[in-house]
Every structure is written in C-alpha cells, then in structure tokens.
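Here are my notes on this one, for you to read with the model open.

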Amino acid sequence: MSLRSIPPARFILLTTAAALAPTLAMAQQVDTLDQVVVTGSRLNGAGRIAPVDVLGRESLEQAGVTDPAAILQMLPSNSGSEARVDQLNQPQSSGTAQLNLRNLGLGSTLVLVDGLRWTSSAVVATDGSAFVDINSLVPLIALDRVEAFKDGASAVYGSDAVAGVVNFVTRTDIGRPEIRATHSILDGADETLIEAAGGLDLLDGRLLLAASHLDRSVLGSGEREFTQARTYGRAAWTAVTSYGQPGSYFRPSRNAFSPDPDCTNPAFTEAFRNSPTDAFCRLDYSDFFDLSPEETRTQLFADWRRTVGGVDVRLQAAWSSTETVARQSPSLPILARSLTVPVNHPDNPFGEAVLFRGRTLGAEAGASLAEFDYRTWRIAGDLSGTFANGWDWRASATSSRQHVAYDKPDAIGTALQNALNGFGGAGCNPATGTAGVGGCRWFNPFGSAHLGTGTRNDADLIASLTGSVGLRGASTLTTVEIESDGRLWERGSTTLDAAIGAQYRDSGFRHDWSELVNAGELLTAGYSPDFSGDQQVWAAFAEARLQVADTFELQAALREEGHDGGERALSPRLAARWDLTDSLVLRASWGEGFRAPSVYTLAGAQASQPSVFDRGAFVFVNTLTTGDPDLKPEESENLSAGLVFTPFAGLRLQIDAWRIDYTNLIVKESAQAIIDQAAADDLAGRTGTPAQQRVTRAPSGALTFVDLRFVNASSIQTEGVDLSARYDRDLFEGRLTAEAAWTYVDRYDIGLSRGAAATSGVGSTNLNTLGRSLPRNRGEFSLAWTGATDTFAATVHHTDSYRNDRSGITDPSIDAWTTVDLRYARALSDALELSVGVINVGDSDPPLAQFALGYDPVAADPRGRVISLGLVTRF
C-alpha cells in the first residue's frame, strides 16, 4: 500500500492557510495546558506528538452532559454518528450510539475504556457496520475524561483504529461519596438522571463504585410541526406512503391499481389521494414515530486497586441495561410478497380477484411498538510492575459481552393469505375447514371493516395474523495482552525508549431470529437466517521513541496482526515533534492502518427495508445482504502535519492538517443502484442481466425483493484542517476560560466501486454513497467563568449548510444551524451544589431537510429547548 496522488502543494497550502488564521483556531476541551496524554502511544508522554482532544470532567459538567450522545457533539471531528432513534432508517439499532471520526464509518474508530477494548454491539447499523455502543460503557459519573486521538493508530492498537481512537478514562478515586440528580424538561417530554459514586477501603485495596439510572419519556413526532407531512402539503418526500390502510388493489382486468372505494371517507383521517385520479390510497404516517424514545438505562461500575509485593493489581467490572421502546406505524407495509383477495371474498367490491397493496392496520389503530433490550457486561483485570532492570511491564485481560432482545410486530404471510381466503383465526384448519364458517373467518382488508359496512376484524383475528421478528443476539470479545516498556539507551539529554508486546483477541457474533423470520413468513422483515461466527486474532507490536533534549521527539511503531483464515496486516507509523522555540512546536505523522472484516460481514446475513425511489415514488423494499468469507481487510494511509503556538501564558493555538486514503472498504451494495440499473436494462430491452436477476417484482410490478452482498468495492480520500484554541486568565476573583474547536473538511472523495469516477461527498447527506451526513464546517465555541462558589458556561454549536442527495426531492439545500447552550451552577456549601442549564436557548427547530420527518436525524437534534435542573450532594 502506498500513498497515492498526494497533491503536495495543496496539502502545504492548507497547512499554511491554517497557520495564517490563528484567530479562527479553536481548542478542544483540555483541562490544563501541560496535561500529559498517552492515548495513541504505548510510551508514557508520547501522546503529545499527535493531536489529541481531551474532554475533562470539568468540561463535561459545564456542558451539562447527561447522555453519551452529547459527547459526540463536542467533537467537531466526529460526524455521521447514529445517536438518535430513527426507526425509518435505523430500525435495528435503536437505543445505541456510536463514534464516527472523520466520517469514515461507525466501525473505523477504535473505542477503549482505560486503554482496553470493549465488545462491539450485538446489533449492526443498516449498512452492516459493526460498532461499539458507547451508551453501554460506564456511568458518566465514573468518567475522569474522554481522550480522542484523531490520527490513524493501527500500528499501536491494531484493527479498527483507521480514523483514530477514543479512550474513555475512568476516575481512579473519589474522596467523598457524591450523588447527582438531573431532571430535564422539554415541550412534550422529560427525563431524569440519577448518579452516585464513592470509594472505600476493601481487602487492603481501594474500591470505587459508581451507578446511574436514566428514565426518559417518549417525545413523539406528533409533538413537532416540522415533522408533519401536512406542513409540506403531504409532498412525496414526506412521511407518506402508497402502502396504506385502506389500501389499493391491482385489478388484472384494467392492468392497473384502484384505490379502496372508502379511501377518502372522513373516518380515515390520515388516508388520502393526491388527486381524484390517483390510483393509490395513501397513508400519512408522520404521527407515529419518535424524536426521542421511551428509554430506561441502568449502569453499574466497580474498580478495585491494590499493590501486592510491588505488583499493582487492578480489577474492573461493568454492567449496563438499556431498554428502549420505539414507536412505529400502526402496522408495517406488505413488502415481501403479493397477496390475493379472491373474487368470492364477501367484501370484495371489484368483482374479480385482486392483489392487495397496503397493510393490515391503519392510523385509527395507533402506533405499534418495537422493543429493544440490551444487556452488557465487562470484566477486566490488570497486573503491572517493574523488572529489576527498570523496565515496566503490564499484563491485562478482558471479557465483555452484549446481548440484545429485539421484538417488532409484523404480519404473517401465510396466515394473512389464508385469512383473505376465509380461513383466518387461530382455531381454523385450512385443510379441513370451510371458508368463513365456524372457527374459520375472513380478514377484511377494505375500509368497510372499520366503517362497519363490511366484515369487522376483531382483536383476536388481528393477533392471529401478527408475529414478531424475535431477534436474540450476542456479541462477545475476550482479549489478553502483555507489554513492557523502558529505556533502551541514554546519553546526556538524548534518550531512546521502547515498548514491545503481544495481544490475543477472540470475538464472536450470533443472531437467532424467530422461526417466522427463518421461514420468510413476515411480510416486511422478509427472510433472514440464523448465524453465528467467531474470529481469533494474534498481534505483535513494537514502539520506539527517540528524544533529543526537550526539543525533538521521533516516534516509530510497527504492528503485525492476523486473524484466522484471513490475511495478515503490517502497520507502520512514524511521528515527530520539534520544539522550535518555547512557544512554537511543529509535529507531523505518517502511518498505514487496516480494519479486518467483522464477523458479521464474513458470516452474517442482514434483512432490511430501505427507502428507495422506484417508478416515480418512494417505497420501502425488502432486501437481504449476505456476508462473504473471502472479504479482504480494509486499508488506509494517514498523513498529518500541524503546529502548536503559545504566544503568551494562558493562550494555546493548535492547527493540524490531515489526509486519509482509505481503500478496499467493505460495504453493502446499494439497493437503489441495483434498482436503477435493472430499470435501465429494462428500458434498453435487455433480459437476464445481473441487475435484473437480483430485483424481484410482483405481478403488479411492485418491488418485493433486492438481493445484496457485502463487498470490497469502495474507497474514500479525505483531507481537511482542525483548528483549536484555549485561553485562560484570572478574572473577578475567578478563572475565565475561552475555548473552541473547528473542523474544516476540504475533500471527501468516494469511489463507489473499483475503477469508478470519484464522487464528492463533502457537504452532503451521502444517502447515495457509503458515507453519512458530512457538513464541510462544524465548530464548538465555549466561554466559562468559575469562581469560589459560582460557575457560568455558554456554548455555541455551529453546523455549516450542506446538501441533501436523496433521490426524488425538490429542494436539496439544508441550511446552516447554530444553537446556544447555557449553564449556571452555585455551590451552596462544600456538600451541596445546585445548577440550571438550557440546551438550545432559542428553541430553534432543526433546518428543513427533505427527509420523511422534515429534518436530518444524523446531524440534527429535534428536541428543541431542553431545561435541566441539577443537584449534587457530597457526604
């Protein structure tokens, strides 16, 4: 792997331009200017060679962070995370949150807790990405700081560190037990977070305990006008569908669809037709989803330390439970097969057998519920000491697991078709019964069922036609690691330090679906097989640092890693720091990285129902994406250069230009691209083309299935500049801190397939590429003053305007968005503190984006103004 097509003049220009704009430089949350950070290196103190953002406890408290999703917002280098519930586009991962540094993918940022790995989530994103669920880590009260190493680190940490590393560092001791309670209110919902932490002496060691409990009520889409399809005249891009109830029917005699005769009856408040000649009875489902779900999260954490005979012993245990209930449409659209209403159906008004297009229940039934239950645990042990020669050593082991139970109602295909034939009901045997007689009953799909002018469908019949996806899955990770570091050589003020080590990892993943899903019986979920797989990884690594006086450092790292049945990867890294003067520091790094195929993309299979644009309308289509055991590792090459300028005491400016060349990406093929290609082949008169063979349609022409694969096919080349600054000074018998951070993305070029022309994804939602929403500019600005008893903090969040690349929309523009948060805290005594905070002081709605609910759920917070009252008591 080599660095390709580097435009040196352009790269130097970016760096120089950044250096000439110190007034724009924005600093990330660094608690002290002299803080030593070690994330990104195995050697103590080497973290200062490369850019590391540090969010300390004080910064997290001043920002009023009560949820890990808020941490994502504090990192401008992070974009494209899926931290908000979005049942339309992320139906299998509700309740989770992930990091996405540089927008290189949810699994391309390595997540550590106290320097050690954590299991990936038991669910994957809709694009098949495996990720670590940061909602499942440790209670926020247990955190000392969050360190974000924004440079490729595969040479140090191995697979998944392509974009960087985020290390959640826990507190080592708590002098006085403390309890924190925060209650937040907003228009239509509220939430309460209770946290507690303390320490005690136990078994000649020190035990730290922490716990938290979050209870959040539901904020439905009906609580906000900007989500409502009516607000935009029920335009085609809003939350409307041609799969309604009342439904539509394909009539063979006309070779066309006709709407239910009762479609426009006033009793059906959310049913409509676009015009008197519209062939479809449509449904407005914009009231039936969550902007913030009903959620309960409980977390426990314990850390015990003791020194025994010169050996430091550390044991950790963590447990988390997240229960999320997400609303969705009253019933799901019938996608997986075509169902026939026979001519002899007593309620059939058409006089011929027709094909049903719609769903079993309409708006009058109210929202249905999808339930997610995540249980996560982790145990870790660490031994460390010093050899007689002065070298330090460390041995560690972890075991972690996340289990998911996911239940979502869906119509059962065979049962529904039987019921349309008059053989419905739990007590009916179609082989021996008589249609509509005794225990055998008709299901009436027409509007007359609700109006009472036809056969009614009672609750028992509906229950017999409804099943659940019934997913039970688990992800596991076991790691064992040994390492040693110390001084190799010293002469005067010149030193050479080194570290060596080895690591073993064993990861597993399994999904067990209900028998209905295994049989392909559910009409929306379609078919998905059970699977399980595991992966064993062995790695050896070495790192060295040459330090000349206090003015020059050179870091070199090398790691070889391989997994069973796959290719080995050798990852080098070089980094240097040169202190030109006491106030000016230059630094640069180069490295190669990799990301091994996940167990899921190697052995898994994922059913999903993406929204696609087909024959002039948005529809959801059933897809199945299967893994490939022959997938190759993804590869990357990282280059960065920057400076740190301290013109006078209290002011620190940092500027870093970066470039990442990411190739051989493992992606899910685009359903939209295959549908479009099949349509083009149809138009050209071709038959039997690869695209046509992978698209299935009903006799009516409706899409029913698209066959997809996980493939090594894509690439990303991205570059940009991070600017940061921090200023501290004493003011009015207190301490004033002004800081900010800014990320500018100059380039984000995506190759969707080998040999294809690159597509620019910067400033785009990237719905038609492999990326996620990526505004060109994103920044955070904060001002805080802390006195003896009072603290005031203000934070400004800014996201640049960008464009929506969704197919079939009328306005691709998404405006810039700026919001302001405020927080005030007062210590009434050394044991009691009260606070009040306001998120989004101006109660600003997210900018209009032509998504189903009127905003971009990846980039915007739809909640509006959130007022929080907090109490901290110490004993």
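**Notes on the model**

1. Let me start just after helix 10, where Gly-685 takes a positive phi of about 80°. Helices here are DSSP runs of H or I with at least four residues, strands are runs of E with at least two, and both are numbered from the N terminus. Keep in mind that this is a predicted model: local features need pLDDT of at least 70, side-chain atom pairs count only at pLDDT 80 or more, and totals for chains, interfaces and linings use all residues. Residues are numbered from 1 along each chain as its sequence is written, and side-chain values use heavy atoms, with hydrogens and water left out.

2. On confidence: pLDDT is the predictor's confidence in each residue, from 0 to 100. The protein chain averages 92, and 95% of the residues score at least 70. Over residues 1–37, however, the pLDDT is below 50, and this stretch has 98 contacts in the model beyond near neighbours in sequence. Contact means heavy atoms within 4.5 Å.

3. Back to helix 10 (residues 671–683). Its 13 residues should span 18 Å at 1.5 Å a residue, and the end C-alpha atoms are 18 Å apart, which agrees; the expected span is 1.5 Å times one less than the number of residues.

4. Which residues of helix 10 are buried? They are Ala-671, Gln-672, Ile-674, Ile-675, Ala-678 and Asp-681. Buried means under 20% relative accessible area, exposed means over 50%, and partly exposed is in between (1.4 Å probe, protein chains only). The cover over these residues includes strand 31 (611–614), strand 33 (623–626), helix 11 (690–693), strand 36 (695–697) and strand 37 (703–731).

5. Asp-656 deserves a look. This residue lies in strand 35 (residues 651–668) and counts as buried, at 5% relative accessibility. The Asp-656 side chain makes a polar contact with the side chain of Arg-587, at 2.8 Å. (A polar contact is a pair of N or O atoms within 3.5 Å; within protein, one must be able to donate a hydrogen and the other to accept it, and residues adjacent in sequence count only if both atoms are side-chain atoms.) Leaving aside neighbours within four places in sequence, the contacts of Asp-656 include Pro-51, Gly-642 and Asp-722.

6. Now the strand pairing, where two strands pair if DSSP finds at least two bridges between them. Strand 16 (residues 294–308) and strand 17 (residues 311–328) run antiparallel, joined by 15 bridges, with Thr-298 opposite Ser-321. Their hairpin has 2 residues between the strands, and Gly-309 there takes a positive phi near 55°. Strand 17 also pairs with strand 20 (residues 368–386), in the antiparallel sense over 17 bridges; here Thr-324 stands opposite Phe-372.

7. There is also an open sheet of 5 strands, in the order 1-4-5-2-3 and with mixed pairing. Strand 1 (52–56) and strand 3 (116–117) are the edge strands, each pairing on one side only. Strand 1 pairs antiparallel with strand 4 (residues 143–149) over 5 bridges, and Asp-53 has Ala-148 as its bridge partner in strand 4.

8. A search of the whole structure finds 60 salt bridges, a salt bridge being a side-chain nitrogen of Lys or Arg within 4 Å of a carboxyl oxygen of Asp or Glu. One of them joins Asp-67 to Arg-216, with the closest N and O atoms 2.9 Å apart. Asp-67 sits in the loop between helix 2 (57–62) and helix 3 (68–73), while Arg-216 is in strand 8 (residues 205–216), 149 residues apart. Both Asp-67 and Arg-216 are buried.

9. Arg-216 forms a salt bridge with Glu-191 too, at 2.8 Å between the closest N and O atoms. Glu-191 lies in strand 7 (residues 189–202) and Arg-216 in strand 8, so this pair ties together parts 25 residues apart in sequence. Glu-191 is buried as well.

10. Last, Arg-230 and Glu-270 meet in a salt bridge (3.4 Å, N to O). Arg-230 counts as partly exposed at 46% relative accessibility, whereas Glu-270 is buried at 10%. Elsewhere, a network of salt bridges links Arg-57, Glu-61, Arg-171, Glu-178 and Arg-180.
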